[in-house]
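Hi everyone, thanks for coming.

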Amino acid sequence: MPRTEAQPLLQVSDLHKHFPVSQGWLRRRQALRAVNGVSLEIAAGETLGLVGESGCGKSTLGRAILQLQKPTSGEVRLAGQALQGLSARELKHARRNMQVIFQDPFASLSPRRTVAQIIREPLDVHRIGTAAERRARVEELLAVVGMRSNALNRYPHEFSGGQRQRIGIARALALEPDFIVADEPVSALDVSVQSQVLNLLGKLKAERGIAFLFISHDLAVIQHVSDQIAVMYLGRIVEQAPAMELYRSPQHPYTKALMSAIPVPDPARRISRIALQGEVPSPLNPPSGCAFRNRCPLATEVCARQVPELEIFSASDAGVHQVACHHPD
């Protein structure tokens with residue numbers, strides 16, 4: 001199906017991913033609702049930052065979009081093509097257009113393969129080019145990510161964390177995808193190296209028009225890289241807006257608490273921190289109504305009865321601001 005200019009590159013509609021879990025001595029089976037009805041869109045050349053606490057379902061959502069974990073229900077369309085129901089051969093072909101950068105650069109690269117073999121593997125799998133063309137492509141990709149060709153015959157353990165992540169990025173770029181899931185790509189790196197990798201991803205986005213789903217728990221990083229930001233809590237999107245709008249005027253109490261925790265490099269500026277009470281509920285047994293109500297200072301009776309839907313709060317030329325809350329400002 002051809003994609004029109006108005007049609008987003010990625011469309012996710014009411015996506016669910018549940019895991020069966022057995023509990024207790026009776027081994028009673030329950031559903032762990034890791035992703036619970038997520039809908040989002042990403043335009044070509046746009047970065048959607050996905051932020052939330054650990055365990056909220058961010059990485060599971062990314063894997064479900066890529067069909068690395070089959071969704072329980074819902075629909076994912078990439079460039080107009082529905083990814084559910086594709087045969088193994090058809091899905092293999094579709095994956096040329098979508099790739100992933102993994103969180104841990106130490107675990108995501110095979111220690112038994114050289115850098116050349118790691119980056120060349122996608123070209124080998126899809127049988128792209130001759131042996132000489134593949135080698136030239138690998139050398140080109142190393143140059144793109146700022147590494148020298150003398151790294152080709154070395155092994156991952158010979159490189160630093162930042163260099164390994166660059167190798168992972170080169171591998172993700174090998175097939176020239178339009179869409180990349182970046183799953184906390186800088187969380188395992190030193191701060192100085194983080195900035196180098198983030199600047200590289202920004203350069204690739206600007207030069208190649210790649211769309212990113214950038215997953216992170218670090219709001220400062222998300223602000224630096226994102227055009228749009230979606231805030232996730234217990235498997236649901238609770239707020240989504242253009243990046244500047246979300247930082248200027250957060251509406252959901254959970255988003256406000258996250259924003260208040262961002263460190264400010266100015267000792268003279270005082271920030272009012274919002275300390276959330278209680279623990280994150282279990283996705284095996286979430287609260288009725290709004291999943292955040294047990295930790296929310298604004299919760300009322302309606303919050304216990306009714307799940308708030310993600311609805312439009314405001315709209316501007318930059319985009320639409322949506323919030324799932326019974327009591328937005």
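Let me start with a question: is Gln165 buried or exposed? Before I answer, please keep in mind that this is a predicted model. Gln165 is buried, with a relative accessible area of 1%. You'll find Gln165 in helix 5, which covers residues 161–173. And what does Gln165 touch, once we leave out residues up to four places away in sequence? The list is Ile101, Phe102, Gln103, Pro105, Pro185, Leu189 and Val197. Take Pro105 from that list: Gln165 and Pro105 are 60 residues apart in sequence, yet their C-alpha atoms are 5.1 Å apart in space.

Now let's step back to the whole chain. There are 10 helices and 12 strands. With 329 residues, a compact globule would have a radius of gyration near 20 Å, and this chain has 21 Å, so the two agree. If you draw a box around the C-alpha atoms along the principal axes, that box is roughly 70 × 55 × 50 Å. Of the 329 residues, 48% are buried. If we take contacts between residues at least 6 apart in sequence, 64% of them join residues at least 24 apart.

What about the surface? The accessible surface comes to about 16,600 Å², and 49% of that belongs to carbon and sulfur atoms. As for charge, the chain has 38 positive and 31 negative side chains, with the centres of the two sets 8 Å apart.

Next, two helices. Helix 3 runs over residues 115–125, and its buried residues are Val115, Ala116, Ile118, Ile119, Pro122 and Leu123. Those buried residues pack against helix 4, residues 131–144, and against helix 5, the helix that holds Gln165. Just after helix 3, Arg127 takes a positive phi of about 55°.

Helix 9, residues 253–260, is mostly covered, with 7 of its 8 residues buried. The buried ones are Pro253, Tyr254, Thr255, Ala257, Leu258, Met259 and Ser260. What do they pack against? Their partners are helix 7 (219–225), strand 9 (228–233), strand 10 (236–242) and helix 8 (243–248).

Let me show you one more buried residue. His321 sits in strand 12, residues 319–323, and at 1% relative accessibility His321 counts as buried.

Finally, the cysteines. How many disulfides does the count give? The count is 0. As a reminder, a disulfide is a covalent bond between the sulfur atoms of two cysteines. Cys303 is itself buried, with a relative accessible area of 6%.

Definitions and conventions. Residues numbered from 1 in each chain as written. Predicted model: local features only at pLDDT ≥ 70, side-chain atom pairs only at ≥ 80, totals over all residues. Heavy atoms only, no water. Helix = DSSP H or I, 4+ residues; strand = E, 2+ residues; numbered from the N terminus. Rg over C-alpha atoms; globule rule 2.2 N^0.38 Å. Buried < 20%, exposed > 50% of the residue type's maximum accessible area, 1.4 Å probe, protein only. Contact = heavy atoms within 4.5 Å. Areas by Shrake-Rupley, 256 points an atom, 1.4 Å probe, with all protein chains shown as cover. Lys, Arg positive; Asp, Glu negative; His and termini not counted. Charge placed at Lys NZ, Arg CZ, Asp CG, Glu CD. Disulfide = S-S within 2.5 Å.
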